[in-house]
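Please keep the sequence and the model open beside the text.

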Amino acid sequence: MIAEIGHYALVLALGLAVIQAVVPVIGARLNDPTLMAVAEPVAIAQFGFVALSFAALTASYVSSDFSVANVVINSHSTMPLIYKFTSVWGNHEGSMLLWVLILTLFGALVALFSANLPAMLRADALGIQALIALAFHLFILVTSNPFARLQEPPFEGRDLNPVLQDFGLAVHPPFLYLGYVGFSVTFSFAVAALIEGRIDAAWARWVRPWALAAWMALTLGIAMGSYWAYYELGWGGWWFWDPVENASLMPWLAGTALLHSAVVMEKRNALKVWTILLAILAFSLSLIGTFLVRSGVLTSVHAFATDPTRGVFILGILVFFIGGALSLYAWRAPALKQGGLFAPISREGALVFNNLFLTTVCATIFVGTLYPLALEAITAEKISVGAPFFNATVGVLAIPLLFAVPFGPLLAWKRGDLLGAAQRLIAAFGISLVVIVAAFAFFGAKGVLAPAAIGLAVFIMIGALTDIAERTQVINQPSNAFRRAAGLPRGAWGTAVAHLGVGIALLGIVCESNFGSEHIASVKPSQTVALAGYDLTFEGAVPRQGPNYRELVAKFTIRRDGQIVGVMEPTKRSFAARAASTTEAALMARGVSQLYLSLGEPGTDGSIVVRAYYKPLVLLIWLGAIVMFAGGALSLSDRRLRVGAPKPSRSSILQSAK
Amino acid sequence: MTRKQRRLILIGSCLAVLGVAVALILGALKDSIVFFNSPTDVVEKHIKPGTRIRLGGLVQTGSFARQDLDARFDVTDGKTSIKVSYRGILPDLFREGQGVVTEGALDANGSFVADTVLAKHDETYMPKEVADALKKQGHWKDDYGKTPGSEGRKP
Amino acid sequence: MALWFVLALMTMTAVFAVLWPLSRTRSATSGSDVAVYRDQLEEVERDRVAGLIAAPEAEAARVEVARRLIAAADTPEAKLNPSLRRRRMTAVAAIGIFPLAALALYLALGSPLQPGSPVSARATIPLQQQSIESMIAQVEAHLEKNPEDGRGWEVLAPAYLRTGRYDDAVKAVRNAIRILGSTPSREADLGEALTAAANGIVTAEAKAALERGATDAGQEKAQYFLGLAAEQDGKSSEAISIWRRQLERAGPDAPWRPLLVQSLSRLDPKAVPPGPTLDDIAAAQSLSAEQRNEMIAGMVGRLAARLKDDATDFDGWLRLIRAYMVLGDRDKARATIVNARSAFPGDSEKRQRIDNLARSLGLDG
């Protein structure tokens, strides 16, 4: 019965989406306040029903109800409880349900927290949001129904793909989807604004919190996905330029550009047309990412659910929304009034520079990801565009972008003083030069690129600190610094912290990829492998029984200078239900560096193949992402941006002052 | 500066960046794309030793041998098979009779030296290129293509 | 019934979400961009006071924002245009069309009459009704947690053989031997499984296992497969002598008799001794299922009567148990096991063999 309640709830959500997509939009055209007011309660109810549907599917998984086909295919009654929860979205149907859950969640949030918006904009935006939801409800019910039942329930399920039986799956997809789908709000607002033909600085202020929230979730989602791949796939890599990864990186880049250009639009009423375009593009790229992953057009090491027959449906959704929005844009945008003027060297100029490079990087990745598909469609020749392509292009384009990061916040609006900004960054220049020389001396003639990149990372970090130091004048007037720091808008702190995060992540990336060491060996018990100053002694391998798998545990004792610093136990798991096996790498943190052990095939003579890595400063990559997230959170908590926060009226302030 | 000049600077710098990007993309595409080939393609196209390619097909049953870190196996599409050597750890899903994609180059003897081995990521999922190559050779078994969602749906 | 009640409740909730805003006369709050620009003016002032921007820049920013503020305030507010007719139309659609459309779509897609089947409910399904696959799955799940349970492996092995999973059967028997120790019966099972896994060829490995199994003279299965091995090695005469000896030992209604007769006649039709001949068997096979059961039942009845008079025929007891199983009469088979055990009060070896048989037929416990 529970599955049927979930199924019906999804049908009701579809019905409500139809109402929400039609009634408020008609109301907005006729300026009928009652019809427009239908949008909010219906948006909340629609979310309620999707949530009920999702809860029902979860309940089916938890109770292992094998009359539900989806549960049979992706679950097993002996699976640990947490994986019964996470396997809800560890498959195509369930993950699409999570997708619409988050989509309608954002609709409900807009309904709840946008009392400060003009009624018409709110009604139109919620209408567009419902139109997107409508398309995906239909997609789920027609092509990917998670509530399809089996007449004769089998006794046991087929288990979840062992690679996905991991805590990473519990957190990575929800955050990724929060990010992907969060950009639907900015998309809806952009389309609504285009329909109404009124786009001004106020629009940017209303939209920026949503863009920021989506960007934060996507940042964390991508970082978690990368860490998951890093420890679960056992290859020691954290980014593979896999199409699926690129599909998440592209909306992130467009979203980052949107965040920056929306600032210009809000403060200076400039870049309006461009900002609207970015808002459309960010979500379009999310949709393309969904299409790439869900339609099965890609060969990808990540694809865990592919079905080409669904591709056509998603392609239809894609063409309708992206094509529709861009046509509307082409039709309406020329009519928009130009905004404020600014000199090329100014805060606006720096943000344009940022946008230019971010979108170029995004376009480059787009080309690299889709070129193989296009070529195959045209010439039937199969190629792969791998890491070398992306490293060569993105690496070069990122350098000017990253180098400019510290300058932006130090330039004034309208007309900036580049020389002045450079002077204020003199300390950052000096420190990073020292670091470059030190790195060059320390690592020897391994090339100049790596030390220079380390210097760049340090430059960004010190630059972010310089920004705060300048604003609080901690050097000139230390006595007042604390008061000034407290008075500084949180948005300014957010910018500095997020930029600091960029520097931290860059430092991790450069050190990991340039100074890491790797060793593959076949070891016998009590044999020792030396790696980056550590001695790894293989103590032997023993079998062990897990809840729904058996594993071979290899025990390694780690010594440094003869002192035991720890024990690492990489394992190889075999899952009987799917007759599959996975490799569970062992990781040991040494500060922010890591030792990484991953097992290969055991030999017949008690030996085992092991791959050992030393990854210097690798944790900084994800730490940097967390710091970026924190920067976003700081900005979001800025009272000026807080959505719908009731502003105390002037009179009540006066009263309380008395 | 007039409005017009500013706009020209903006457009000019955009074009410059785009130009650099296009040059980079074209240069990188020329150097770093890798073509996918089935064993039959390798023979028919007379691919030169040293050219970096992806070779995909099925791991021939009974051909796998390992000595310490060196693995040897044959990749076949049913018509032609090519000897592959690889040093390192094979993916969990690597098995005889299953699909595999390897990346590397041919050596002078016509055997393939792989530095990367990708096995399919799910036992119901066959790498698309491998599936296509096998179909071409008529060795496609329909149950390879079964996807998790395509079964068990109501008729 | 409960389901329909819940669905109706859900529909009402959904309809209410549409009707509620329509019923409110007070229009919803509406923000405006004027408020945003006022905020911005305050921010500029705050930043100036805090010394974050210099006075001239603050002034320029203030002028700019003020210009936007004036423009926004100048925009004429569009006149609100409420209409009772539209409200009613929407309400009618929400009450009338919406539930019907939802129900129609649901009935087209859903299976409201099908009960759920959570794992907790499934565990109570009686054993006999479960398919062999689900029983295998159950035992596999059990062994996944307790891989050292030899009994489990022993039960699993014949099930694997029956479902054609020969490699798994080999593994299961090997596990049983490893954990419970080697017995002739298990060795014979191993030989059988290995032979099945090799497409019916008795490999050297299988032969070794069968020879270990044949150390117990009662292991007819091992004997038979050794005969097969001899035949495959080209030693027909040896095969014939093995099978003939077996045939002599076997009673007229031993279940493996037809197999022996068939095998013998393949090598040398003359070697088949009198008794139910191939023709008889062919005749039995040409009978309808009912007639055949009758014929077997008659034979079984005779055997049962004989055993009543002479309870010392050990092989007869075993045959009778098997025969009842062939007829699908588990209760009688169980009763016969009890009788057979009581017929050999002091002979633990024979009782053990009865128990083994019972276990292999799935009749224990």
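The largest nonpolar core holds 224 residues; a nonpolar core here is a set of buried Ala, Val, Leu, Ile, Met, Phe, Trp, Tyr and Cys residues joined through C-beta atoms within 7 Å. A residue is buried if 20 or more other C-beta atoms lie within 10 Å of its own, exposed if 12 or fewer, and partly exposed in between, with C-beta atoms placed from the backbone. This is a predicted model, in which local features need pLDDT of at least 70 and side-chain atom pairs count only at pLDDT 80 or more, while totals for chains, interfaces and linings use all residues. Residues are numbered from 1 along each chain as its sequence is written, and chains are lettered from A and ligands numbered from 1 in the order in which they are written.

The residues with the most contacts inside the largest core are A:Leu16, A:Val100, A:Phe136, A:Ala254, A:Ala279 and A:Ala457. Helix H9 (residues 201-232) of chain A contributes the largest share of this core, 22 residues. Helices (H or I, at least four residues) and strands (E, at least two) are DSSP runs, numbered from the N terminus. A second, separate core of 37 residues has C:Val170, C:Val173, C:Leu194 and C:Leu210 among its members.

What does A:Ala279 touch, once residues up to four places away in sequence are set aside? Its partners are A:Thr186, A:Phe187, A:Phe189, A:Ala190, A:Val207 and A:Leu258, where contact means that the C-beta atoms, placed from the backbone, lie within 7 Å.

**Where chains A and C meet**

Chain C brings 65 residues into contact with 59 residues of chain A. On the side of chain C that touches chain A, at least two residues each come from helices H1 (2-23), H2 (33-49), H3 (55-74), H4 (84-109), H5 (119-122) and H6 (132-145) of chain C. H1(C) gives the most, with twelve residues. By type, this side of chain C divides into 33 nonpolar, 18 polar and 14 charged residues; Ala, Val, Leu, Ile, Met, Phe, Trp, Tyr, Cys and Pro count as nonpolar, Asp, Glu, Lys and Arg as charged, and the others, Gly among them, as polar.

As for the chains themselves, chain C has 18 helices and zero strands, and 27% of its 365 residues count as buried. Chain B has three helices and seven strands, in the order α-β-α-β-β-β-β-β-β-α along the sequence. Of its 155 residues, 34% count as buried.

**A helix pair in chain A**

Helix H13 (residues 347-379) and helix H14 (residues 387-404) of chain A have axes that come within 10 Å and cross at roughly 170 degrees. Axes are lines fitted to C-alpha atoms, for helices over the stretch in contact, and angles run from 0 to 180 degrees between N-to-C directions. H13(A) is therefore roughly antiparallel to H14(A), a label for angles over 145 degrees. Their contact divides into 14 nonpolar, five polar and no charged residues; among those that meet are A:Phe353 and A:Phe357 in H13(A) and A:Phe389 and A:Leu397 in H14(A).

A:Thr359 also lies in helix H13 of chain A. A:Thr359 is buried, with 25 other C-beta atoms within 10 Å. Beyond its neighbours within four places in sequence, A:Thr359 is in contact with A:Ala254 and A:Ala257.

**Strands and a hairpin**

An open sheet of four strands in chain A runs in the order E2-E11-E10-E9, with antiparallel pairing; strands pair if DSSP finds at least two bridges between them. Strands E2 (517-523) and E9 (586-590) stand at the edges with a single partner strand each, so one side of each is left without a neighbour in the sheet.

| Strand | Partner strand | Bridges |
|---|---|---|
| E5(A), residues 550-560 | E6(A), residues 563-568 | five bridges |
| E10(A), residues 593-602 | E11(A), residues 608-615 | seven bridges |

A:Thr557 stands opposite A:Val567 in E6(A), and A:Leu595 has A:Tyr614 in E11(A) as its bridge partner. E5(A) and E6(A) form a hairpin with two residues between them.

**Two positive phi values**

Most residues other than glycine have a negative phi. A:Asp561, in the turn of the hairpin, has a positive phi of about 50 degrees, and counts as exposed with 8 C-beta neighbours inside 10 Å. For A:Asn31, phi is near 60 degrees. A:Asn31 sits in the loop between helix H1 (2-30) and helix H2 (33-37) of chain A, and counts as partly exposed with 16 C-beta neighbours inside 10 Å.

Definitions and conventions: Contact = placed C-beta atoms within 7 Å. Parallel < 35°, antiparallel > 145°, perpendicular 65-115°, else oblique.
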